[in-house]
Amino acid sequence: MTYRWVDHTAEVELEIESGSERGVLEDALLALAELLATENPGRPQELRSVVAEAADRPALLAAWIEELAFLAESEGFVATRLVDLDLAENTASATVAGVLDAPPPLVKAVTYHRLSFERHGERYVARVVLDV
Amino acid sequence: MFEPRRIDDELWEIPIGRVAGMRVPALLFADADLLAAIAQDRSLEQLANVATLPGIVDAALAMPDIHQGYGFPVGGVAATDASDGVVSPGGVGYDINCGVRLLALPLAHDELRGDRHQRLVHELSRRVPVGTGGRGAHEGLKGANLERVLSLGPRALLEDLGIGSDTELALTESGGRLDGADPSAVSARARERGAGQIGTLGSGNHFLELQRVEAVYEADAAEAFGLRVGQLTVLIHSGSRGLGHQVCTDFVKRMDGRLAHHGIELPDRQLSCAPLDSADGRDYLKAMAAAANFAWANRAALAHRVRESVEAVLGHGAAAGTRQVYDVAHNVAKLEEHGGRAVCVHRKGATRAFPPGHPEIPPEYAAAGQPVFIPGSMGTSSFVLAGRPGAMERSFGTTCHGAGRRMSRTAVRQTVDGRELRRQLEARGIVVRAPSARGLAEEAPAAYKDVDRVVEIVERAGLAARVARLRPIGVVKG
């Protein structure tokens, strides 16, 4: 797990560094789970399918977080684990495990401000600012 | 790099060239102390980036409450030429037509005797759903027809449910309805997110505040607005909820994918935009107008719930006598004429402030100027201002919208304990209802700039004049 929250005056900025593109999306899921976590251990795990589409990798990261945030807002479903992921050029199709909960009202939108998802040598580095 | 040069006592300039592609300079209204606070984050870089928008006219502008946002800074203003300029969804923001409505009660503060003060704040918190997703988010007004709300704004609630009045519509910016709204331009997901959210407050910095008028600065304007010292008021701060956020999300994505087609290069993808006369631009304006109408209807429904609360605690007469002073938008793009030129004015965390005599001001306020409401923070004053001629000359008819954040949410949580803050506020006679101590801490007064200083700057700059100061006595946080 290699993500960190960066100070932003009004919003929430997430930075991720991982050894793979899959790892970036997985870390984004874990970061969101941390943000939306409540203290309800023992709830049964459920599965959901998530499909995100975008023209390039940075936009795909934004779309991926958008879909996870929408599940939280619309169903109260907080994804906590990536079960499987099919990552194509413009699409991420995944099965995620998580819990039905009452997540706090935190993520309203995923912005394109300073959005990035790039390969740096053997690592992938990404950044996204969330509107909260 | 972004050290602005001083133009006069209230105005600073970032010249063309500080960011590649700047088409006009960037101008900031502030004094040296506010500028020092503003320079702590990326606000000035974001402001300079705005100056790269195709068709931008005169300058990218910032109000003294500017702070770092995403793409545009919050507190930013950009006017683009209607004939060859662009519209940028990020220049409006996610919470389309986030704004404030002020209600004036026919009672003085000292009439809240016994436990009525506590009961009124409690009743407001009980009747007004808060939060984003899950419980509380979709407990909106029953029977509201979303299609009609998107087309007509609060008029749909008046015609269908008897909520509001023609007088209140007239005392709302743009009559509570932007022309050109087209519900078909609003996506299915935006509708899903907005369903059941009319009459809900939301979260973050949204709030209801019970206040008393602490001071009056311009007696004639205060009288025109129906405000007197000691009077009770309620300030409502909310917007277009999940629907507006999704409209912005949809169009930032769509326009980002079409930048190359339109031959536009930008320093930040969140500034994505499209020519006003393109299908992308026109569709956004249709959807944005629909979301703005939704927001005005939301605040109308919230005002209805405030009146219900007033009636439950203070009686029918008090509720019937509760009048709307005005309702203004903070996040919107509007086609206006300035200096004989048709422009699209983007106001992102900024308020329209038309001067006395402007044809878009309600007749009863024609001599006073357009009312503008500047929320402070939970522990500090809010202000009622009135638009002044300087706004037309210097800022496309615009002034500030609040105190402006100066600390991040993380930073303020590290220094402020929400439970202790609640005790401190209540010790000062401010009754607080908030869904979480964390959320309360994030909106602590320490997180914001000095609202008195912000208001002083816009007054000195001739953008707006102080009419009254409002002191909080009860807060319901979203």
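1. Strand 7 (residues 99–108) of chain B is joined by 6 bridges to strand 11 (residues 323–329) of chain B, and the two run antiparallel; in this pairing Leu102(B) stands opposite Tyr326(B). With strand 9 (residues 231–238) of chain B, strand 7 of chain B pairs over 7 bridges, again in the antiparallel sense, and there Arg101(B) has Ile236(B) as its bridge partner. Two strands are said to pair if DSSP finds at least two bridges between them, while strands (E, at least two residues) and helices (H or I, at least four) are DSSP runs numbered from the N terminus. Of the 10 residues in strand 7 of chain B, 8 are buried, a residue being buried if 20 or more other C-beta atoms, placed from the backbone, lie within 10 Å of its own, exposed if 12 or fewer do, and partly exposed in between.

2. The model is predicted, so that local features need pLDDT of at least 70 and side-chain atom pairs count only at pLDDT 80 or more, whereas totals for chains, interfaces and linings use all residues. Residues are numbered from 1 along each chain as its sequence is written, with chains lettered from A and ligands numbered from 1 in the order in which they are written.

3. Chain B holds 17 helices and 19 strands, and 64% of its 478 residues are buried. Along the principal axes, the C-alpha trace of chain B spans about 65 × 50 × 45 Å.

4. In helix 5 (residues 154–161) of chain B, the residues Pro154(B), Arg155(B), Ala156(B) and Leu157(B) are buried. The buried residues of this helix pack against helix 4 (146–152), helix 6 (166–170) and helix 11 (279–314) of chain B, where contact requires that two C-beta atoms, placed from the backbone, lie within 7 Å. Helix 5 of chain B is followed by Gly162(B), which has a positive phi, near 70°.

5. In chain A, an open sheet of 3 strands has the order 3-5-4, with antiparallel pairing. Strand 3 (46–53) and strand 4 (77–87) of chain A stand at the edges, each with a single partner strand, so one side of each is left without a neighbour in the sheet. Strand 4 of chain A is joined to strand 5 (residues 91–100) of chain A by 9 bridges, and Asp86(A) stands opposite Ser93(A) in strand 5 of chain A. Helix 2 of chain A packs on the sheet, touching strand 3, strand 4 and strand 5 of chain A.

6. Where chain B touches chain A, the contact takes 33 residues from chain B and 27 residues from chain A. Strand 4 (60–70), helix 7 (188–194), helix 9 (241–256) and helix 14 (409–415) of chain B each supply at least two residues of the chain B side, and helix 9 of chain B gives the largest share, 6 residues. By class, the side of chain B that touches chain A has 6 nonpolar, 19 polar and 8 charged residues, with Ala, Val, Leu, Ile, Met, Phe, Trp, Tyr, Cys and Pro counted as nonpolar, Asp, Glu, Lys and Arg as charged, and the others, Gly among them, as polar.

Terms used:
Axes fitted to C-alpha atoms, helices over the stretch in contact; angles between N-to-C directions.
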